[in-house]
Amino acid sequence: MAAKNNSGRMILTEYTFGQKSRDVALFYCDGMLEYLKVLPPEDRLAVGTILIGKCRHQVRNIPAAFFALDQDGTIGFLPTGDLKYTRVLNRPFQGKLSDGDEVLLQVKREPIKTKDYAVTDRLELAGRYCVAKFGAGRLFYPKSHHQSVKDVISSYFRRKGLCTEDGSLIGFAGYDLILRTKAQKLVDSKELDALYQDCDETLRALDSLVSTAVHRSCYTVLDKPSGWLGSVCEEIESCGFRIEECLTDSYRLYTEIQEKYRAGNTESDTPGNRYLTDAMTKAQDELQIRHYQDIQVPLSVLYNIPSRIEEALRTKVWLKNGGYICIEQTEAMTVVDVNSGSATRGKDSEKLYFETNMEAANEVLRQLRLRNITGVIVIDFINMAEKSREADILEFMKNKAAQDYQKIHIYEFTRLGLLEMVREKRGKSLRESINE
């Protein structure tokens with residue numbers, strides 16, 4: 001849950017790790033650091049990039065294929081158990097891949113630790129209210145849409161000639177169309193023309209991309225995400241925060257934002273800039289960008305950036321009441337241990353343990369967001385005699401986890417009193433980004 005005053009300031013700056021400088025984005029709300037990201041290098045293949053890769057070799061017993069994604073030999077991993085959506089460009093495809101095949105691929109996940117890029121052959125393009133992807137030519141609705149909303153959309157799409165009564169798309173047999181939850185806003189406001197236009201344009205863009213790919217050489221990038229600024233804004237705002245202002249002491253970043261993201265110069269002809277989320281649109285049209293130029297008090301000193309980054313890398317994190325948590329990242333999972341520390345005030349130890357556990361639960365979720373820790377996470381809270389209070393901790397964490405920009409699945413306490421959770425993988429952790 002964000003602070004009551006959920007407005008804050010985003011800081012963009014260059015920070016030196018060892019001997020290398022990287023761009024860093026931070027977000028402060030009520031003086032508290034709530035978001036921290038080391039931005040990837042410009043030459044990295046971003047998640048969502050669509051390109052033509054070349055099959056280098058296959059491992060039959062997994063089954064999987066490894067692709068070269070660029071001239072430098074960057075490797076991508078593709079599971080090959082199901083190849084019905086594969087588009088091979090250099091020869092007629094008969095259901096089996098061969099070494100040397102040139103295939104349409106989309107980056108699904110950045111390399112993590114010892115793992116290569118993960119890629120998929122089931123391409124998708126995102127519109128503002130929908131997603132178009134390789135499929136069987138069907139229209140799909142989100143679970144949150146009531147049947148009456150589905151009926152209104154279906155009836156309108158049939159009149160426009162986009163689909164049939166049973167949900168089959170007309171003219172787009174090789175693609176599926178998945179509507180986003182927020183498409184209901186257009187139904188409520190009776191703006192169905194905007195919904196139809198977005199769906200039609202997204203499907204046509206994916207179809208055009210596939211048609212164009214046949215005439216392009218291997219390793220060509222056909223589509224890429226619209227940029228880091230919109231992605232950062234979207235992640236911050238999906239956590240329930242509002243960006244009042246963006247402050248940067250880097251003239252390079254300041255001019256880059258002005259040139260690439262401001263209204264009137266959105267580079268609409270470049271790949272990936274056709275479809276913008278609401279946060280990306282705001283980044284272009286509304287975000288107040290200010291160039292910080294006070295040489296007497298550097299931005300890093302004003303916001304204590306070195307200490308904040310160092311704190312986000314420490315194993316031990318202190319709580320306000322004197323307790324602390326220890327965060328240990330291993331190859332298989334992340335383990336968090338909650339300790340009472342110097343929190344010994346008062347005589348009611350059971351109440352003290354519960355309050356420490358609740359404060360720790362709040363801080364753990366904040367640290368997971370700051371450090372972008374993903375995968376399996378196990379939390380060892382302080383043991384409480386009243387087991388019913390575990391339900392209070394569980395409910396609190398589930399409500400708060402719903403406001404993370406990553407999906408978090410929180411499970412029950414085990415018999416040993418451990419809380420198990422999974423935070424979905426998306427990008428590198430803070431430690432991995434810095435270790436690069």
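Helices, of at least four residues, and strands, of at least two, are DSSP runs numbered from the N terminus. In this predicted model, N372 lies in the loop that links helix 9 to strand 19 (residues 375–380).

**Backbone geometry**

Most residues other than glycine have a negative phi, and most peptide bonds are trans.

D30 occupies the loop between strand 2 (20–29) and strand 3. The relative accessible area of D30 is 52%, over the 50% limit, so D30 counts as exposed.

The peptide bond from I62 to P63 is cis, with omega near -15°. P63 is placed in the loop between strand 4 (50–59) and strand 5 (64–68).

**Aromatic rings and charges**

Ten aromatic pairs are found in a search of the whole structure. One of them joins Y251 and Y254, whose ring centres are 6.5 Å apart and whose planes meet at 35°; the pair is therefore tilted. Y251 and Y254 are three residues apart in helix 5 (residues 251–261), so about one helical turn separates them. What is the exposure of Y251? Its relative accessible area is 55%, which makes Y251 exposed. Y254, by contrast, is partly exposed, with a relative accessible area of 23%.

Charged side chains also meet tyrosine rings. The charged end of K316 sits over the ring of Y324, at 4.5 Å from the ring centre. R423 lies over the face of Y405, where the distance to the ring centre is 5.2 Å.

**The second largest pocket**

The volume of the second largest pocket is about 730 Å³. Its lining consists of 31 residues, and M32, K320, N362, E363 and R366 are the closest to the pocket centre. Two or more lining residues come from each of strand 3 (32–38), helix 8 (305–311), strand 16 (316–318), helix 9 (349–371) and helix 10 (389–401). Which element gives the most to this lining? Helix 9 does, with eight residues. By residue class, the lining of this pocket comprises 16 nonpolar, three polar and twelve charged residues.

**Cavities**

Two cavities of 30 Å³ or more are found in the whole structure. Their volumes and lining classes are set out below.

| Cavity | Volume | Lining residues by class |
|---|---|---|
| Largest cavity | about 40 Å³ | four nonpolar, three polar, two charged |
| Second largest cavity | about 30 Å³ | four nonpolar, two polar, two charged |

The lining of the largest cavity is formed by N357, F381, I382, N383, M384, K387, E390, F413 and G417. The second largest cavity is lined by A312, L313, Q329, R371, I373, S429, L430 and R431.

Conventions:
Residues numbered from 1 in each chain as written. Predicted model: local features only at pLDDT ≥ 70, side-chain atom pairs only at ≥ 80, totals over all residues. Heavy atoms only, no water. Phe/Tyr/Trp six-rings, centres within 6.5 Å; stacked < 30°, edge-to-face > 60°. Buried < 20%, exposed > 50% of the residue type's maximum accessible area, 1.4 Å probe, protein only. Lys NZ or Arg CZ within 6 Å of the ring centre and 35° of its normal. 1 Å grid on protein atoms, 1.4 Å probe; cavity = no way out; pocket = protein on both sides within 12 Å on 5 of 7 lines; lining within 4 Å. Points joined across faces, edges and corners; volume = space filled by probe spheres on them. Nonpolar A, V, L, I, M, F, W, Y, C, P; charged D, E, K, R; others polar.
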